[in-house]
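Please keep the sequence and the structure in view while reading.

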Amino acid sequence: MLVQLTYASKTASILGPGDVKDILQSSARNNTAAGVTGALCLANGIFLQQLEGDRQAVNTLYHRILKDPRHKDPAVLDLSEIPVRQFGSWAMGLIAATQENRQLFLKYSSAADFDPYKMSATTLRAFFSEVIQNARWLS
């Protein structure tokens with residue numbers, strides 16, 4: 001069974017470009033081995049991540065994230081069964097709140113600052129669906 005899990009967490013400290021690059025590289029390596037695909041957004045010191053794959057693999061990965069000291073205040077925002085993956089071959093993509101993506105982040109936010117903790121599951125799904133098609137991805 002394929003599932004899609006969306007969660008948010010706050011960064012435990014300020015992350016530099018090297019930290020983000022390390023996160024992406026280790027995520028891509030580990031997710032490929034586990035058959036998990038997804039995307040990571042980083043905005044305002046908040047991680048917003050959507051993971052998809054086998055239920056057990058996604059569950060195991062999320063529990064590993066809960067133990068990662070770089071995350072604090074984690075919360076599952078959406079969990080659902082899905083018929084197909086949205087991210088296909090993306091082991092992990094990064095969408096950052098760059099100037100080019102600002103309007104996209106603002107479009108789905110109820111305030112000037114992007115806060116996924118306040119977003120509904122429906123809004124989160126729409127955000128990621130549009131992100132896949134329109135955002136500038138970083139790697």
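How many nonpolar, polar and charged residues does the lining of the largest pocket have? The lining has 8 nonpolar, 6 polar and 3 charged residues; Ala, Val, Leu, Ile, Met, Phe, Trp, Tyr, Cys and Pro count as nonpolar, Asp, Glu, Lys and Arg as charged, and the others, Gly among them, as polar.

## Basis of the model

This is a predicted model, in which local features need pLDDT of at least 70 and side-chain atom pairs count only at pLDDT 80 or more, while totals for chains, interfaces and linings use all residues. Residues are numbered from 1 along each chain as its sequence is written, and side-chain values use heavy atoms, with hydrogens and water left out.

## The largest pocket

The largest pocket holds about 280 Å³ of space. On a 1 Å grid over the protein atoms alone, a pocket is an open set of points where a 1.4 Å probe fits, with protein on both sides within 12 Å along at least five of seven lines; lining residues have an atom within 4 Å of a point. Grid points are joined across faces, edges and corners, and the volume is the space filled by probe spheres set on the points.

The lining comprises 17 residues, of which Ser27, Leu61, Ile65, Asp68 and Arg70 are the closest to the pocket centre. H1, strand S3 (46-54) and helix H2 (55-66) each supply at least two lining residues, and the largest share, 5 residues, comes from H1.

## Overall fold

The chain has 4 helices and 5 strands, these being DSSP runs numbered from the N terminus (helices: H or I, at least four residues; strands: E, at least two). From the N terminus on, the order of elements is β-α-β-β-α-β-β-α-α.

Along its principal axes, the C-alpha trace spans about 35 × 30 × 25 Å. Buried residues (under 20% relative accessible area, 1.4 Å probe, protein chains only) make up 44% of the 139 residues. Among contacts (heavy atoms within 4.5 Å) between residues at least 6 apart in sequence, 79% join residues at least 24 apart.

## Individual residues

Serine 13 is found in the loop between strand S1 (2-11) and helix H1 (17-34). Its relative accessibility of 44% makes serine 13 partly exposed, a class that lies between buried and exposed (over 50%). The C-alpha atoms of serine 13 and lysine 72, 59 residues apart along the chain, are separated by 9.4 Å.

Asparagine 44, in the loop between strand S2 (37-43) and S3, has a positive phi of about 55 degrees although it is not a glycine. Aspartate 73 lies in strand S4 (residues 71-81) and has a positive phi near 55 degrees. With a relative accessible area of 45%, aspartate 73 is partly exposed.
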